[in-house]
Amino acid sequence: MTEIGSIERIITPSLEAMGFRVVRVTYGGGARPTLQIMAEPADGTAMTVEHCADISRAVSALLDVEDPIPVAYALEVTSPGIDRPLVTRQDYERFAGYEAKLETSRPHDGRKRFRGKLLGMIGDDVALDVEGQRVAVPLSDVYRAKLLLTDELIQATQRAHQAARDAAVKAADPVA
C-alpha cells in the first residue's frame, strides 16, 4: 500500500519552492493505478496547462529518485477547479461565506450529508449555516467536502484571479 503522506512529504517542499500549494494527493485504481496531484499557484492566479506540465516534470523526477510507489502508475496533475475540494482547516476558513457540501464518516444529528453556507471553523468543528440553522461538524469526521458552484463563487474567483494578475504585472513593472 502506498503511503500518501510520504508522497506529500517528498513533493511539497519542491512544489512550494516553485510557487505552488499542494491541495490534495490521491492514489488508487486497478491494474494501472493513478497518482493524482492536485495543486494551485500560491499567489492566487489561475492554474494553467503549463503549470501542470511543470509540476508533472518536477514530481516525476522526485518520485523517480525516491521510488515510493513499487508498481507502474499514471501521474495526473490537476487544478482544484472552482468547485474545489475542502481539505485543510485553512480551506474552511478561506472559503467561509460560500456554499459547500460535506459528507461525514458517521452520522451527526441523524445525517451524514450537509449542504449550506460555510461559516468557517469553530474550534475543531466545521461550521455551516444549513437552512438558517448553525450546524457544527467535527473536522475529523468530514469524509469529503467541496465548494458548490454558484454565481457568487464564480464572480469571486474571477475577481481574485484578476487581482493576482494585476499584482504580478505591477511587480514585474513597478513603473506601470
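1. A polar contact is here a pair of N or O atoms within 3.5 Å, where, within protein, one must be able to donate a hydrogen and the other to accept it. With that cut-off in mind, and remembering that this is a predicted model, one can look at the N-terminal end of H1, which is capped by Glu3 through a side-chain oxygen lying 3.2 Å from the backbone nitrogen of Gly5.

2. Helix H1 covers residues 4-17, 14 residues in total, and reaches 20 Å from its first C-alpha to its last, which is close to the 20 Å expected at 1.5 Å a residue. Just after the helix, Gly19 takes a positive phi of about 95 degrees.

3. A separate point concerns Asp141, which is placed in the loop between strand S7 (133-138) and strand S8 (142-147). Is Asp141 buried or exposed? With a relative accessible area of 8%, Asp141 counts as buried, because the cut-off for that term is under 20%.

4. The side chain of Asp141 makes a polar contact with the side chain of His108, at 2.8 Å. Leaving aside residues up to four places away in sequence, Asp141 touches Glu103, Thr104, Ser105 and Arg106 as well as His108.

Technical notes
Residues numbered from 1 in each chain as written. Predicted model: local features only at pLDDT ≥ 70, side-chain atom pairs only at ≥ 80, totals over all residues. Heavy atoms only, no water. Helix = DSSP H or I, 4+ residues; strand = E, 2+ residues; numbered from the N terminus. Buried < 20%, exposed > 50% of the residue type's maximum accessible area, 1.4 Å probe, protein only. Contact = heavy atoms within 4.5 Å. Expected span 1.5 Å × (residues − 1).
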